[in-house]
Structures are given as C-alpha cells and as structure tokens.
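Thanks for coming, everyone. I'll take one structure and walk through it piece by piece. Have the display open as I talk.

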Amino acid sequence: MNKFNIRSTFDILNEHINQLCHELTEADIKKATFYELPDIKKATFYELPDIKKQDEETAPTNIAVTKIEGEKALSKCLDAYRDLYLNDRESGKLLQRFPGLLLVNDPKEVIKSRVNAVNLAKENFKNAILEISNNDARFEAVHSAVPNLMTLAAYRKIHSESTAPYSVRFTWMKKHATRVLSKELAMEMLNRSSLYSNPRMIDQEKWQQLVEQEKYRVSSLSENAKLRIRRPTRVTPEVNVRYTAQNRYHVSAALPFILFNPHPDTKLGELSHFTQKDDHPRKREYNFLVDRIYLERFE
C-alpha cells in the first residue's frame, strides 16, 4: 500500500510539473523593459558548475556563475523544475542548485494556481513518504516505487511572488544547522565516538585521548547547561525580496524564482560569482566545547 501511495502521489506531482512547464512555455514571459521589447521573453538562469564526487566532502571557496538569458534560459528553468532523477550525475549526495528568475504576466492567475498545485503535490508526496517511520523501509519503498529518484529534489518548493516588491535580488547565504541538546545527550554522542575504530584512518590511541578530553569538558558542566550543535552548511544561492528596509524576506534559489505580473519599477539583481571571504565584518569567532562536532554552550 505504501509503494502504491508513493507512486500515485508522485505521478500527480509529475503531471502538475509537466503542466506548469507547458503553461510557462506558452506564457507571456516578458523582458524587464517589456513595454519596449514585447517580443523578447524575460527569463534569466544562473548556471552553476556541476557537482563532482569529490565535492561531497569539501565546501567550495569559489563558485563561478554563468548568466544565461532569453529562450535558452527559459528552457533551462523548465529543465530545473523537472530535474528529479539521479541519471548520470557523479554525486547523489548533494543536489545541484538552479537559481533563475522568470517574469510572468499572469493576469488571470492561471500559472500562479498551477505553482500552488505543484507545491501542494510536493507536500503530499513528502507526507506519503514520511508515513513510513523506519528509514531503511522508507528508502526501499521510495526507490522501488520511483527508481532513480532524488527524493529531496522532489521536495523542493517553487518560490514565487505576485505583488510588486521594491526589488528582487540574488545573494549567497551560508547558514548553520542547529540542534539543541542536553548534557546527557552530548555525553551519549561522545561515548559513541569513543567506540569508533578504524586503524587505517586514525591512530586509535590519539583518538581515544581526544575523545576523553572532549568528554571531560562536557562532564564538568552543570546538569542544566544549555548546549547546541551549530554546524555550518554549504553556501547556497538565495533570493531576497524587499518592499522596505524592514519589510523583506529571503527564500532558497535552488529552483528558479517566478515574479508574477512584474512592475517595471521593480529593481532586479543578479547572482554574482561566489568567493569566500575570511574577513567578513559579521563573522564571529566561536569557542566550541568540541570543535569536531561544533558543540557549544549558549545562554
């Protein structure tokens, strides 16, 4: 039953995505200066380097961006929405990002409704998968129902805006994955670490000494100490939508962003190359209790 439910919800999702791509192909996708050049479609796509197998373990310090416009950009945006399968990719662990921007005249909100239907179908598909509580059984059911699927790619929401913001710009964002835990749980994690054994990879004696030092630092804390793991994640492209200095929001640019019924005064930004900076003014020094797992104490 789980396999059938997963497959049927995926087929509904896939149909909505295909309908969206067809409707966007026929849509009035205008250039920013659409009152001057009404025959040129406005689609911008920022192509990022393919993710290689060796990229899975090291975060990039530089990312080159190739800007594409017009019909080719529209085609790449549509391919991005349909990109759900592993196919011939080198890496299945990290998902490729597809930042882009479509300006769509949609006065009857036909395509807006379709985007909402796609996102609802994505949510339904995700819920159908999460009904299976066991991770191994879930993996088996998903890949038996939809072979070669990149599950997280199917979850990706298509972000859009239907009002007239002051600006829509792109940026690079480096976030942190945060998990709050008790002293007891932290000690359990470190105890499991002390059991790790791989003589080909580590000097077992030095490893045990390191973990014992970590355990001592955590065990010396009070029982009600507040702890968290604040692990940095890979840099990702984001879309920043601004109305005023105080009224703004940002969303993932993993998929092309759609701006409906664009106003000619809305300022549009571009995604620049990424270069990691070590002297960022907002950067702060962290004093981790356990550097290895980014464990810190907080108030």
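Start at Asp-106. This residue sits in the loop between β5 (100-105) and α3 (110-130).

A word on the source. This is a predicted model, where local features need pLDDT of at least 70 and side-chain atom pairs count only at pLDDT 80 or more, while totals for chains, interfaces and linings use all residues. Residues are numbered from 1 along each chain as its sequence is written, and side-chain values use heavy atoms, with hydrogens and water left out.

Back to Asp-106. What is the nearest side chain of opposite charge? Lys-112, and it is 7.7 Å away. Asp-106 is buried yet has no salt bridge. Buried means under 20% relative accessible area, exposed means over 50%, and partly exposed is in between, using a 1.4 Å probe and protein chains only. A salt bridge needs a side-chain nitrogen of Lys or Arg within 4 Å of a carboxyl oxygen of Asp or Glu. On charge, Lys and Arg count as positive and Asp and Glu as negative; His and the chain ends are not counted.

Asp-106 does have a backbone partner. A polar atom of its side chain lies 3.0 Å from the backbone nitrogen of Val-110. Neighbours within four places in sequence aside, Asp-106 is in contact (heavy atoms within 4.5 Å) with residues including Phe-260 and Asn-261.

Now β5. Why call this strand largely enclosed by the rest of the structure? Because five of the six residues of β5 are buried. Strands of a sheet pair through backbone hydrogen bonds, either parallel or antiparallel. Pairing here takes at least two DSSP bridges between two strands. Strand β2 (residues 43-47) runs antiparallel to β5, with three bridges. There, Phe-45 stands opposite Gly-100. Strand β12 (residues 257-260) runs parallel to β5, with four bridges. Val-104 has Phe-260 as its bridge partner in β12. Phe-260 is also one of the contacts of Asp-106.

**A second sheet to look at**

Four strands form an open sheet, in the order β11-β10-β7-β13, with mixed pairing. The edges are β11 (248-252) and β13 (267-268); each has a single partner strand, so one side of each has no neighbour in the sheet. Strand β10 (residues 236-242) and β11 run antiparallel, joined by five bridges. They form a hairpin with five residues between them. Glu-238 has Ser-252 as its bridge partner in β11.

Val-142 is in helix α4 (residues 135-145). Its relative accessibility is 2%, so Val-142 counts as buried. Beyond four places in sequence, Val-142 is in contact with Ile-6, Ile-129, Leu-149 and Thr-151.

**Salt bridges**

How many salt bridges does the structure hold? The structure holds 12. Here are some of them.

Arg-82 pairs with Asp-79, with the closest N and O atoms 3.1 Å apart. Arg-82 and Asp-79 are three residues apart in helix α2 (residues 70-82), so about one helical turn separates them. Arg-82 is partly exposed at 36%, and Asp-79 is partly exposed at 39%.

Lys-112 meets Glu-109 at 3.9 Å, N to O. Lys-112 is partly exposed at 25%.

Glu-214 forms a salt bridge with Arg-292, the closest N and O atoms being 2.7 Å apart. Glu-214 lies in helix α7 (residues 204-219) and Arg-292 in the loop between β14 (274-275) and β15 (295-297), so the pair ties together parts 78 residues apart in sequence. Glu-214 is buried at 2% relative accessibility, whereas Arg-292 is partly exposed at 29%. Then there is a network: salt bridges that share partners join Lys-42, Lys-67, Glu-69 and Glu-270.

**Whole chain**

To finish, the totals. The protein chain has seven helices and 15 strands. Of its 299 residues, 39% count as buried. Among contacts between residues at least 6 apart in sequence, 81% join residues at least 24 apart.

How values were computed:
Helices (H or I, at least four residues) and strands (E, at least two) are DSSP runs, numbered from the N terminus. A polar contact is a pair of N or O atoms within 3.5 Å; within protein, one must be able to donate a hydrogen and the other to accept it, and residues adjacent in sequence count only if both atoms are side-chain atoms.
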